[in-house]
Amino acid sequence: MPYIKKEFETIKGKKIEDFLQTLNLDLKLTLSLLEKGKISDENNNRLQKNQILKSNYIYITIFEPLSYGLKPIFETFHFAIFDKPSGVTVHPLTHQLNLYTLLDEIRFYLGENASLVHRIDTETSGLVLVAKNAFSDMFLKAMFEEKEYIKKYKAIVFGKIDKPIKIDTPITNDDGIIKLKMKTDINGKNSTTLITPISYDKNKNQTLVEAIPLTGRQHQIRVHLDSIGHSIIGDTLYGVDMNFANDFLNKKISNEKREEVTKAKRLMLQADYLEFKFLDIIYKFSSKQVIK
C-alpha cells in the first residue's frame, strides 16, 4: 500500500510551509511532496508554496512502505542489490494507490534516502541495483548513463537457436494502436544485442539463451528476438496478434488464454548478471532465481 492519503486539520490563516512544520512528519519530505503536488485542500486543489491555508483540512498523499519479506541479496554502505521476482512492479504510479512494488521493500529496509538506479519491467525477474545515499545515487546513475557496466539476461525463446547471433538493427516506436510498443526500423536508433544459445529443449522446441544488450532501447531484447523469429516465451506484446496484445493490456485476457497463446504464465526474461566497478572494487552478481 505505497501511496495513502492522510488527513490533517489545519490552522487557517497560516502559511502552508509554517503549518507543515507543526506536523509530526519529516519536514524535508513534506516540502518535497508540496513541490510535487501531493498536498491538496478539501476541494482537491493542489496547494502551492507560500499559500495561506483557507480550508479546515489538508490531504497529503504519502508513501508508506509495506514489506512482504523481499530483502536485499547483497548490501554495502553505499548500495544494495535486490533479486526481484516476476510480477512485482519496480516503482508505483500515484494513481495506483494500493499497488505493492519493489520500492516498498527498498524503503522498508533501506529508508527514505534509498533510490532505484535503474528499472526492469514488471514481468522481468532478476537483479535491480539500489543506491543508499546521494553520493552513490549520483555515481551509479552516471555509470548506467555511460554504459560502464556489464548486464546479461537469460530468456527462453520459441524455436531453435544453435549459434551466437549479433542483432544489429535500429529500433523505434511502433506506429500501431499500442503506444508503448517498439519495432525494428532502418530509421530508428542504433541498437545491438548479442544472443548466445545455452540449451535447447527439443520436446518443447524452445531455446534458453543469454542476451547482452549493448545499447539500452525500450524492450530491446524482446524486439530484437521477435525480429529474428524467436520471440520470448510468455511475451504478450511481441510475437502475438496485435488485437490479443491490446486486449491483454486492457485486462480482457484470462490467465488461461494468456498461457494458451504465449505458452507461459509470465515473460520468460530475467536480468541474470550484473557487473560494475565502484570505488575501485569490481562487483559481480548473479540472480539466484532459475528461469523455467
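Lys251 counts as exposed, at 75% relative accessibility, where exposed stands for over 50% relative accessible area, buried for under 20% and partly exposed for what lies in between (1.4 Å probe, protein chains only). The model is a predicted one, in which local features need pLDDT of at least 70 and side-chain atom pairs count only at pLDDT 80 or more, while totals for chains, interfaces and linings use all residues. Residues are numbered from 1 along each chain as its sequence is written, and side-chain values use heavy atoms, with hydrogens and water left out.

**The chain as a whole**

- The chain holds seven helices and 15 strands, these being DSSP runs numbered from the N terminus, with helices as H or I of at least four residues and strands as E of at least two.
- The C-alpha trace spans about 70 × 50 × 40 Å along its principal axes, and of the 292 residues in the chain 46% are buried.
- Of the contacts (heavy atoms within 4.5 Å) between residues at least 6 apart in sequence, 64% join residues that are at least 24 apart.

- Three strands form an open sheet with antiparallel pairing, in the order β1-β3-β2, where two strands pair if DSSP finds at least two bridges between them.
- The edge strands of this sheet are β1 (3–9) and β2 (39–41), each of which pairs on one side only.
- Neighbouring strands of the sheet are turned against each other by 25 degrees on average, direction ignored, with axes taken as lines fitted to C-alpha atoms (for helices over the stretch in contact) and angles running from 0 to 180 degrees between N-to-C directions.
- Three bridges join β2 to β3 (residues 57–63) in the antiparallel sense, and Asp41 has Ile58 of β3 as its bridge partner.
- Helix α2 (residues 27–35) lies across β2 and β3, and runs at about 100 degrees to β3.

**The hairpin of β14 and β15**

- Strands β14 and β15 run antiparallel and are joined by six bridges, and Glu275 has Lys284 in β15 as its bridge partner.
- Two residues lie between the strands of this hairpin, in which Leu279 takes a positive phi near 50 degrees.
- Asp280, in the loop between β14 (269–278) and β15 (281–286), has a positive phi of about 70 degrees although it is not a glycine.
- With 69% relative accessibility, Asp280 counts as exposed.

- Arg258, found in helix α7, counts as buried because its relative accessibility is 4%.
- Leaving aside neighbours within four places in sequence, Arg258 is in contact with a set of residues including Glu123, Gly234, Thr236, Phe244, Phe248 and Ile253, and also Lys263, Ala264, Lys265, Arg266 and Leu267.
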